Amino acid sequence: VYEKNDLGDGDLEVRVAGEEDVEIEEFNFAESADDAEDEASIKVEKRPGANDSVVVHIKDSGAEKIVNIWDEPLEEDIESTTAQRDDVPPTFDKITVYDNSSFIIAHFSEPVNTSGPDDDVDDGEDIPVGPGDDEVRVTGFRADGSTLPSFSGNGITAVDRDEESDRFRIHLNRKVPEGAEITVSFGGAAGEQIVDRAKNILAGTYTRTATAIEGPTLETARVSSLSANADEQTQTFEVTLVGDMDEDEELTVSLEEAIEEYDISYSTRSADYEVSGARARASRDGNYIVVEPREDIDDGTTLTITADNVDTTGIPLADIPIEDIEVEFKRSEVGATVTAEFDVLAGLSDVSVSAKYELKSPVDDVYSDVEVLASGQSDHVVFFRFALEGPLENGDSVEIDVSSLVDAGVNFDGDELESDDEVELELDNDKVIVTADTDNDEIDGTIEVRAKEVDVDRGSAAEDLEVVFTRTDSGLSVTEEIDVVASFINTDVSNIGATTGQTVFLEFELDGERARGGFMARINLDRDNAGLGFNDAEAESVYEGTASISTAGVITYTAPLGGLDDGTQVVIDVSNVDGSGVTEDAVVEFERRPGGFKALEKMRVD
């Protein structure tokens with residue numbers, strides 16, 4: 001059956017031993033035919049006695065709201081009478097033991113708890129354990145018949161109710177050997193702590209024996225190392241399942257040693273934790289990352305948990321490196337565990353890559369720096385900066401992999417590497433290698449390396465080029481990006497007379513295509529405010545694209561809808577320029593968008 005519509009209190013009645021008007025607290029039917037079962041549960045406020053007669057009466061209106069899986073209403077006016085005894089104590093049915101596990105599952109005939117007969121059943125507590133026969137005792141033999149004395153008495157660390165209400169989990173101080181035979185006894189003292197829903201006590205001594213079998217577990221756990229004195233780090237935790245994992249299981253990752261002993265800070269935001277490999281959700285709960293599956297997960301699945309915003313700034317640099325921090329992965333349902341280790345290693349922070357070239361004014365020979373790595377241009381300086389987190393010892397190095405830049409057409413000269421720090425520099429196989437000077441024991445702090453006279457091939461504009469910085473002593477890497485931006489080639493500006501009504505002819509050639517239309521250039525006709533006037537100026541004729549000019553003499557050029565090919569020549573005519581008040585030549589500045597490349601040309605005013 002399943003619930004077709006919500007039932008109301010008026011649709012059902014419960015009578016106990018002939019009494020009426022027992023209040024119904026809740027009733028649970030399946031919500032759809034896919035989940036349909038042939039039963040429903042009804043909870044009442046007053047608990048019936050041991051042998052009371054219980055009658056459930058479904059009225060006509062209620063019967064119409066309950067249908068079977070064929071969507072046919074139930075019969076009208078249904079009554080059901082039972083006489084269920086609840087004065088029979090639960091029985092200890094069996095035990096389950098897994099090879100190499102540190103727990104045993106004790107199964108009972110019905111749901112049980114750990115309260116005495118005068119306590120509320122819901123207030124369960126752990127069962128006390130000890131060496132006496134009157135409490136809980138676990139004994140065993142290995143597969144070869146030899147005794148396992150460590151499981152007796154104090155070899156039991158805890159006994160608590162399992163997530164399944166008809167089970168208890170007995171925790172041991174070491175793992176069960178493969179194929180071992182295990183016996184569990186509940187004595188009188190322990191039996192008095194075990195009750196069923198009717199508060200009946202498991203009395204007497206009960207013993208069950210089983211042979212350990214292969215069970216679900218975990219394997220191949222890995223945890224990534226962290227960099228010293230760095231925040232906003234990402235750490236990955238990886239583990240492989242042996243045996244299927246049910247949707248109601250949990251996987252926990254213990255961060256206890258990392259947090260409590262080494263002061264590593266992990267985010268409390270659920271958004272900073274993700275799971276790949278299966279549908280699951282991860283979040284931090286105290287010293288644990290808890291993974292909750294959203295579906296059953298198959299045997300052999302490798303789960304990867306990613307934790308963002310991990311912070312090691314609370315660890316003194318004097319303690320670096322910190323090695324072998326233990327992390328325990330645990331499956332809640334079967335208790336299987338596996339451990340992995342990670343290190344906090346000397347690392348790198350504040351990494352940056354930048355470039356500049358000198359822009360020379362054609363009028364007064366004044367140089368200015370432009371921070372850009374531009375295609376088709378020469379004599380750049382490329383800066384590599386990084387901060388050492390943990391000293392770099394004599395002979396160790398930081399390798400800066402520039403192969404993606406070289407592949408894009410950036411040309412480095414190994415003889416033009418320099419630094420103000422006491423390091424040795426070389427360029428080897430597209431790597432800039434920064435080595436601690438052999439005359440010094442170690443170096444720390446921030447290091448800057450400059451590569452001079454760097455040229456970039458024409459047509460080599462590229463985006464998202466990665467430069468990888470790696471410490472050879474710890475192996476930790478940091479990736480930084482820098483782009484090669486497209487430039488102008490063969491810019492030209494015509495000369496004008498020192499009078500009104502002048503026309504300026506501008507030309508430039510593209511280096512690198514522009515695949516789509518839109519704003520791509522800003523041209524300032526009077527960069528140094530030489531005195532030109534543009535109140536009546538107009539961009540009258542434009543070859544390839546469109547342009548407009550402001551009263552300040554700034555032209556906004558927009559590429560045509562289909563974009564422009566590499567090498568396209570663009571011509572712009574600007575009329576009605578007023579040069580009557582100019583006494584010196586003007587500097588015209590071309591600025592490429594996006595990217596910010598700049599070129600300067602002189603406009604002679606006669």
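Buried means under 20% relative accessible area, exposed means over 50%, and partly exposed lies in between (1.4 Å probe, protein chains only). The model is predicted: local features need pLDDT of at least 70, side-chain atom pairs count only at pLDDT 80 or more, and totals for chains, interfaces and linings use all residues. Residues are numbered from 1 along each chain as its sequence is written, and side-chain values use heavy atoms, with hydrogens and water left out.

**View 1. A negative surface patch includes E219.** The patch is formed by E219, D244, D246, E247, D248, D296, D298 and D299. Patch residues have over 30% relative accessible area and no salt bridge; like charges are joined within 9 Å, and nonpolar side chains (Val, Leu, Ile, Met, Phe, Trp, Tyr) within 5 Å. Asp and Glu count as negative, Lys and Arg as positive; His and the chain ends are not counted. The place of a charge is NZ of Lys, CZ of Arg, CG of Asp or CD of Glu. Areas come from the Shrake-Rupley method with a 1.4 Å probe; for residues, only the protein chains shown count as cover. E219 sits in strand β17 (residues 217-223). Helices (H or I, at least four residues) and strands (E, at least two) are DSSP runs, numbered from the N terminus. E219 counts as partly exposed because its relative accessibility is 39%.

**View 2. E238 pairs with R222.** A salt bridge is a side-chain nitrogen of Lys or Arg within 4 Å of a carboxyl oxygen of Asp or Glu. That rule gives 22 salt bridges. In the bridge between E238 and R222, the closest N and O atoms are 3.0 Å apart. E238 belongs to strand β19 (residues 233-242) and R222 to strand β17, 16 residues apart. E238 is partly exposed, because its relative accessibility is 27%.

**View 3. K356 meets D369 in a salt bridge.** The N to O distance is 3.1 Å. K356 is in strand β27 (residues 347-360) and D369 in strand β28 (residues 367-370), 13 residues apart. K356 is partly exposed at 24%. D369 is partly exposed at 45%.

**View 4. R458 and D511 tie two loops together.** Their closest N and O atoms are 3.8 Å apart. R458 lies in the loop between β36 (442-456) and β37 (462-471), and D511 in the loop between β40 (502-510) and β41 (518-524), so the bridge ties together parts 53 residues apart in sequence. R458 is partly exposed, with a relative accessible area of 42%. D511 is buried, at 0%.

**View 5. D573 is buried yet has no salt bridge.** D573 is part of strand β45 (residues 569-577). The nearest side chain of opposite charge, R604, is 18 Å away. Neighbours within four places in sequence aside, D573 is in contact (heavy atoms within 4.5 Å) with V504, F505, E538, A539, E540 and S541.

**View 6. Two peptide bonds are cis, I320 to P321 and R593 to P594.** Omega is near 0° for the bond from I320 to P321. P321 lies in the loop between β24 (302-310) and β25 (322-331). For R593 to P594, omega is near -5°. P594 is in the loop between β46 (586-592) and β47 (598-603).

**View 7. D430 has a positive phi without being a glycine.** The angle is about 60°. D430 is in the loop between β34 (423-428) and β35 (431-436). D430 is partly exposed, with a relative accessible area of 28%.
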